[in-house]
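Here is a brief report on one protein model.

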Amino acid sequence: GHYTADAFAVRCFDNRFWKPFKKFIKECGLRHIDVESVAGGAKIFSSPEKEGDRDFMLRELEKSIRLHKTPRVMLFTHHDCGAYGGFARFEKNEEKEFEFHASEHAKAVDVIRSKFSDIPIDTYFIDRKGIIKTL
């Protein structure tokens, strides 16, 4: 039969972080998630290359909610993301990088909340230490 999604998750397609992402999802007890993998992950909401990219992902979220009764959104970005210019963009400073990603997550949450005001949204940064909740 058809499923109800536990979450709509947006992550970067960078394969270096696939295993920690999968492990985290399993540890959270999520069985069915609608996953979107795009360059930069949550960047598609906060700082898309083209406005149409953001609109597309908002439509995907709307479909997940409508078709799979999705109750929450999970947004991910990660260390050394090429879509954001890599680690060098932050002068190889982990604190600067994390703060930047946390601010991007806040922007992404605002974008989603402007269309879906009631859905819970969790944001995460993946680095060498694991997965860190940002908001």
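## Cavity and cysteines

The model has one cavity of 30 Å³ or more. A cavity here is a set of points on a 1 Å grid over the protein atoms alone where a 1.4 Å probe fits but cannot get out. This is a predicted model: local features need pLDDT of at least 70, side-chain atom pairs count only at pLDDT 80 or more, and totals for chains, interfaces and linings use all residues. Residues are numbered from 1 along each chain as its sequence is written, and side-chain values use heavy atoms, with hydrogens and water left out.

The largest cavity holds about 40 Å³ of space. Its lining residues (an atom within 4 Å of a point) are Arg11, Cys12, Asp14, Phe17, Phe76, Thr77, His78 and Ile126. Strand S3 (residues 73-78) gives the largest share of this lining, three residues.

Cys12 also matters for the disulfide count, which is zero. A disulfide is a pair of cysteine sulfur atoms within 2.5 Å. The sulfurs of Cys81 and Cys12 are 4.2 Å apart, too far for a bond.

Strands S1 (residues 7-11) and S2 (residues 33-37) pair in the parallel sense over five bridges. Pairing takes at least two DSSP bridges. Strands are DSSP runs of E, at least two residues; helices are runs of H or I, at least four. Ala7 stands opposite Ile33 in S2.

Conventions. On a 1 Å grid over the protein atoms alone, a cavity is a set of points where a 1.4 Å probe fits but cannot get out, and a pocket is an open set with protein on both sides within 12 Å along at least five of seven lines; lining residues have an atom within 4 Å of a point. Grid points are joined across faces, edges and corners, and a volume is the space filled by probe spheres set on the points.
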